[in-house]
Amino acid sequence: MSWQPNPYTYIRLLTATITGSVVIAAWQRCSKTEAISPVIAMFASAWAAMMQAVNKTIFEVISKISWTELDIGIVTIPIVWLVFSLLFWKFFRHKLPNLIPVARDWVVDSMNDAMLTLDINNRVLDANVAALKLLNLSTSELLGKPLVDFLPRHKALFQQYIDQLEAHDEIRLSLGEETHWYDLRISPLYDRRHQLQGRVIVLHDISGHKQLDASLTDQIRRVNQLLEVARATTQSPSLDATMQNSLSIAKTITHADAGSLLLVNEQGDIIRSTLTGDSVHADTRERIISYMTKERLIDPVLQKRETLLIENTHHDPNWPTMPEQSYETGSALGIPIHYGERLLGGLILLHTDPYHFTPEDAEILEVAARQMAMVLANAQTYEAQRLVAEQQTMLFDVLHALQRPMHLKEAMIQATEVIAHLTGWPVVAILTADKKGELDVNAASGWLAERVLALPLSHTTGENRKLNSEKRHYPSAKYILDAIPDEVLPSVLIIPLESAIRRMLLVAADDPMAFEGDSRMLANSLGSITALILRNALLYESVSTEQQRLAALIQASRDGIIMVGTDNRVLVINQMAMRYLGLETTAEVWLYSSVMEILNTLRIYAPEAARSTLKEMRRLKNGDTQVGEGEYQIGGRTLRWLNLPVIDGERALGRLVILYDITEERQIAQMREDLTHTMVHDMRNPLTGIHSALWLLHRQLKHTIPTNYHTLLDISLRSTEQLVDLVNAILDISRLESGYMPLELTIFALADMAQDIITMQATQAEQKGIQIINRITHNLPLVRADQNLINRVLQNLVGNALKFTPNGGIVLLTTNLLLNQGNKEPPARKIQVSISDTGPGIPEKIKEQLFQKFVTGQQVGSGSGLGLAFCKMVLEAHNERIWADSTPGEGATFTFTLSIADKH
């Protein structure tokens, strides 16, 4: 029977073949012991397969012998599997499955970290691809040899880990031309019996992390520097301190030897600067800045707005040696400072060594410049507000110090002293143009006060001029050199004041930049205030002169004059008013005293005058600001007073009280009244007799004498009747004035009286075609008055209306009920009666004297001028009023009031 292997035999042979291939592939990377084991396992596997085949053949041959097959199978198969198991155990004991190529490619060789396996003698047992690449060696060159042989430069480094089973550290290795940082990890390697077989070394390249850490450290350093910039620049809100702090921190960051910080205006002109070191004098700073500007050293920074980096100034032909510089510049760095689109200025740093400043310095300063720009902009805003506040405070202090009224000479002296004290300027002077066109010193402070300064007017009135040691070419400079030496005061500013004043303000200072920018604005503002003060002084002198003239006129007046302010204090009082009111001492003592103080004295001296004055004050307090007038007796004198409002535009300034002594006028008037009364009284009896005789003649002879004599007799009779009526009217007025005409008060209906008067006047109205309209109705309340006197008043008013109304006109009688003022509307207490006509009206020239005696107009038919006077006296005797309203050409209306009778 032939032998044919079964499938299992083929599988065994395939396994042996694969195992042999692995051994051959890993022969160079394994130790000899580990390599022999798989070889033995390979041959054992093949032998076992052959033994199985032989066993099967023998079994077939001697199948007839049953015990033989059993013995061989029993003996052979256990022996074969025992040998195979021992070899396979040896295979796994040496971790040989880890060397399977597929697993190694995936796990070990694909690692980016370098991995080395060392035995207990520190010889290399295994190395992955990354380790071979790192050491730049092949597998044959590395395996089985000590690791330190391949790293002689780092022998001391690895020597410290030679006895350490575990370690974790960062090391720096220089392999070839490059140097890298690695994360070193050492781990022990044990077998299943926990016996030490060696160590595993893993090297992880952390050079990128190290660079990132270095970059982060550098960034942190820069951030700290920027924070230092922010802290340093915000320590003080003042502009000078902020500039100095910014410059100092920039110098510290870059380790510069010197530097400057410049600020410019919108036109690009340098307006402020600071240099390193507090001991730099203003003149030195000015010369250095002027030199840098003149030599155009800072044009790239301030004009082109670019960063300027000169690594070696010795190789730059355009870089000269600066004045006032004790060292030679080797490198320079300039940074523009922007705030948005606005250029604030530039930062210039210098160092003695070439190549000191690097692009990194420029980069960090560019970032710092943005922080500086914000802080400087805020500081400029704060500085501007502070200067405005200081200037406003200074201007207020000047105005406050010079607010009192002064004469011109005193005002000029005080102005120069106050301005010099508040500003600290060593020279402040006020110059005046004389008739020759030259300027003379009117007032000055400091050492110029005792000098004489003359300047042609033509050189100074055109504009403000700033003169300093570098501008001697100004034409006006030669005129002030003799008085103000430039080595003492290099800055001079002449400010023309108002042309009407024809004066100028001259100020000088010891700082060449004293009158630039805000200081110049301050000087101009002080010039405006000085002009205001001088103008007020001129006005005060003018007013003082007028006041003196007016005071002389007031004191010389024969009338008493009192000016009372809105606060009821006496502003003006003359000696005559004090004499009338019985006030003692002088007028100056009573100035600015209260009116109540005068009233307290007046109550004792003239109680009637005090009561009249209090009544007038109450009237004014109630809002009636019209002209007041009246009379009272004081000390045997009759004084007529007028209370006039004093108004400036729409603003009330007070009241002017004028006291007229009319004692003599009243005495003369009384004498005239007495004489008139006597004459009229003596004329009354003869006139009555003549009238009676004529009346008898007219009655007895009217049928016997010729007709033409009747006319003469009628004229004589009417004339004597008019004369008797005139005499009676004069006597009635005299009795009313003297109070000797008693009132016989009765209650009557006004409508009946009006109707009777209209009936009496009907004939005259018909003759002229005048229509009398009576709107006085019978439903009016009854009135209480002297019926006879009121009848004469109403008859006079209706008669006047008919007299002055042209033919075809209208006379209108109306009434109106006047209600008492109150919340519950009580019944009417007075009746207002009006008589209107359509005549020519009342002439303007007699309106004010219409109700005075013997006052008549120029109209045809004007009477004696006693009718309206009589009406007024009758109504005033009843405590009633009468007044007239008229517009020329539109007629007149006369109105009077009567009291309603009580129902009781």
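A residue is called buried when its relative accessible area is under 20%, exposed when it is over 50%, and partly exposed in between (1.4 Å probe, protein chains only). The structure is a predicted model, in which local features need pLDDT of at least 70 and side-chain atom pairs count only at pLDDT 80 or more, whereas totals for chains, interfaces and linings use all residues. Residues are numbered from 1 along each chain as its sequence is written, and side-chain values use heavy atoms, with hydrogens and water left out.

The secondary structure of the protein chain comprises 24 helices and 27 strands; helices (H or I, at least four residues) and strands (E, at least two) are DSSP runs, numbered from the N terminus. Of the 904 residues in the protein chain, 39% are buried. Contact means heavy atoms within 4.5 Å. Among contacts in the protein chain with a separation of 6 or more, 56% are between residues 24 or more positions apart.

The aromatic pairs were examined next. Rings of Phe, Tyr and Trp (its six-membered ring) pair if their centres lie within 6.5 Å; planes under 30 degrees apart count as stacked, over 60 as edge-to-face and the rest as tilted. By this rule there are two aromatic pairs. Tyr632 and Trp641 form a stacked pair, because their ring centres are 6.4 Å apart and their planes lie at 25°. Tyr632 counts as buried because its relative accessibility is 6%, and Trp641 is likewise buried, at a relative accessible area of 8%. Phe851 and Phe894 form an edge-to-face pair, with 6.3 Å from centre to centre and 80° between the planes. Phe851 lies in the loop between β25 (828-837) and α24 (867-877), while Phe894 belongs to strand β27 (residues 892-899), so this pair ties together parts that are 43 residues apart in sequence. Both Phe851 and Phe894 are buried.

A nonpolar core is a set of buried Ala, Val, Leu, Ile, Met, Phe, Trp, Tyr and Cys residues joined through side-chain atoms within 4.5 Å. The largest such core has 41 residues, and Leu797, Ile835 and Phe896 have the most contacts inside it. Two or more residues are given to this core by each of α21 (750-760), β23 (783-786), α23 (787-804), β24 (810-819), β25, α24 and β27. The greatest contribution comes from α23, with eight residues. When residues up to four places away in sequence are not counted, Ile835 touches Leu794, Leu797, Val798, Ala801, Val811, Leu812, Leu813, Ala892, Thr893, Phe894 and Phe896. Apart from this core lies another, of 32 residues, which includes Val418, Val507, Ala509 and Leu526. In helix α24, the buried residues are Leu868, Ala869, Phe870, Cys871, Met873, Val874 and Leu875.

Helix packing is illustrated by α17 (residues 595-605) and α18 (residues 607-621), whose axes come within 6 Å and cross at roughly 145°. Axes are lines fitted to C-alpha atoms, for helices over the stretch in contact, and angles run from 0 to 180 degrees between N-to-C directions. In this contact, Val595, Met596, Leu599, Leu602, Arg603, Ile604 and Tyr605 of α17 meet Pro607, Ala609, Ala610, Thr613, Leu614 and Met617 of α18. By class, the contact has 11 nonpolar, one polar and one charged residues; Ala, Val, Leu, Ile, Met, Phe, Trp, Tyr, Cys and Pro count as nonpolar, Asp, Glu, Lys and Arg as charged, and the others, Gly among them, as polar.

Met578 is found in helix α15 (residues 575-581) and is buried, with a relative accessible area of 0%. With residues up to four places away in sequence left out, Met578 touches Ile573, Leu583, Glu584, Thr585, Thr586, Ala587 and Trp590. From C-alpha to C-alpha, Met578 and Gly560 are 7.5 Å apart in space and 18 residues apart in sequence.

Backbone angles were also considered. Most residues other than glycine have a negative phi. His194, however, has a positive phi near 60°; it is placed in the loop between β4 (178-190) and β5 (196-205) and counts as exposed because its relative accessibility is 58%. Tyr355, also not a glycine, has a positive phi of about 60° and is found in the loop between β10 (342-351) and α12 (359-401). Just after α24, Asn879 takes a positive phi of about 60°.
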